[in-house]
Amino acid sequence: MEFLMSGLAACGACVFTNPLEVVKTRMQLQGELKAPGTYQRHYRNVFHAFFTIGKVDGLAALQKGLAPALLYQFLMNGIRLGTYGLAEARGYLCTDEGVHSPIRSAAAGALAGVMGAYLGSPIYMVKTHLQAQAKAEIAVGHQYKHQIFPPQSWKVALAAAMVSGIAIVLAMTPFDVASTRLYNQPTDAHGKGLMYRGILDALLQTARTEGFFGMYKGIGASYFRLGPHTILSLFFWDQLRSFYSTYTK
C-alpha cells in the first residue's frame, strides 16, 4: 500500500508540473556546446518559453512526454517513498532502545533513492526525448522521432483515459469510500443509519479513526477500473449510435 499510495501521489502532482518539465528540458538543451551569443535563443526565460511552445507547437505540447513521466514518477517515487515508509513502519529507522536514528534514516533514504533512480532512468530518457521534440523553428538539441502510438489509434484514447483517471481517483476516492460505507451501514427500525449521520460525518470518522490513508482504501482497484470503463463506455456508445443511424435510415 505504501508503494501504491506514494506512486499515485507523485503521478497526481506530475500532471500539473509536467509543463514545467517540458520548459526546463528545452531551456537546458538550448545552446548545447555553443558559446554564448553564437546561437539563436528561442526561449529567453521560463515565461517566454511557455508562450513560445504554446504558440508554435500548440498547447498540447506543454504536456509532451506525460505518459513516460507518469510511469517514471510512479516507479521512482513509489519505490523511493514506499521503501522509506516501509522501513519506518518496520522500525528499521530506530535503535534497539526505540530512539530515532538520523544515520539509519539517511542510509534508508539514500538506498531508496538509488533504487528508484536506477529503475526509473530508462523511462526518464524516453521522457526527455519526447519533451525535446519541437517544430523546426524552435527545435533545440537532437530531435528523436519517437512515436508512442500511431495516429488515430484506440490506444491513444485508452492512455488518455488512464492518465486522467489519476486525477479523478485522487479527488473522488474519499467520497467513494464514504458513500460505500453509508450504503452498507446497519440501520435501525426506521431506516436511519447507526454509524454515520452523513457523508461529511463518514469522512471525518474515517480520517480520525483510520488516518488519512483510510479514506483512500481501494484506490488501486478504482484506478484500474476507471480507465478501461471510461474508454469502453465511450467506444460502445459510439458504436451503438453508428449502428442506430445506419439501420434507421
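Me: Contact means heavy atoms within 4.5 Å. With that cut-off, which residues is V23 in contact with, leaving aside its neighbours within four places in sequence?

Reply: V46, A49, F50 and I53. Before we go on, this is a predicted model, where local features need pLDDT of at least 70, side-chain atom pairs count only at pLDDT 80 or more, and totals for chains, interfaces and linings use all residues. Residues are numbered from 1 along each chain as its sequence is written, and side-chain values use heavy atoms, with hydrogens and water left out.

Me: Fine. Where does V23 sit, and why is V23 called buried?

Reply: V23 is in helix 1; helices here are DSSP runs of H or I, at least four residues, and strands are runs of E, at least two, numbered from the N terminus. Buried means under 20% relative accessible area, exposed over 50%, and partly exposed in between, with a 1.4 Å probe and protein chains only. V23 has 2%, so it counts as buried.

Me: What makes A9 buried, partly exposed or exposed?

Reply: A9 has 45% relative accessibility, so it lands in the partly exposed class. A9 is in helix 1 too. Its C-alpha is 8.7 Å from that of G78, and 69 residues separate the pair along the chain.

Me: And L33: how do you know whether it's buried or exposed?

Reply: L33 comes out at 86%, so it's exposed. You'll find L33 in the loop between helix 1 (2-29) and helix 2 (46-56). The C-alpha atoms of L33 and G141 are 9.9 Å apart, for 108 residues along the chain.

Me: What makes the backbone of L33 worth a look?

Reply: Its phi is positive, about 55°, although L33 is not a glycine. Most residues other than glycine have a negative phi.

Me: How do you know how helix 3 and helix 4 run relative to each other?

Reply: Helix 3 (residues 66-89) and helix 4 (residues 102-132) pack at about 175°, with axes 8 Å apart. Angles under 35 degrees count as roughly parallel, over 145 as roughly antiparallel, 65 to 115 as roughly perpendicular and the rest as oblique. The pair is therefore roughly antiparallel. Their contact is made of 17 nonpolar, 6 polar and 2 charged residues.

Me: What about M76: why is it classed as buried?

Reply: With 11% relative accessible area, M76 is buried. M76 is part of helix 3 and touches G116 and A117, leaving out residues up to four places away in sequence. Its C-alpha is 9.0 Å from that of A112, 36 residues along the chain.

Me: What makes a set of residues a nonpolar core, and which residues have the most contacts inside the largest one?

Reply: A nonpolar core is a set of buried Ala, Val, Leu, Ile, Met, Phe, Trp, Tyr and Cys residues joined through side-chain atoms within 4.5 Å. The largest has 19 residues, and C14, L66, L70, I166, V169 and I219 have the most contacts inside it. Helix 1, helix 3, helix 5 (154-184), helix 6 (199-210) and helix 7 (219-247) each give two or more residues to this core. I166 touches L8, C11, G12, L70 and Y223, not counting residues up to four places away in sequence. A second, separate core of 11 residues includes A49, I53, L62 and V140.

Me: Zooming out, how many helices and strands does the protein have, and what share of its residues counts as buried?

Reply: There are 7 helices and 0 strands. Of the 249 residues, 35% count as buried. Among contacts between residues at least 6 apart in sequence, 69% join residues at least 24 apart.

Key: Axes fitted to C-alpha atoms, helices over the stretch in contact; angles between N-to-C directions. Nonpolar A, V, L, I, M, F, W, Y, C, P; charged D, E, K, R; others polar.
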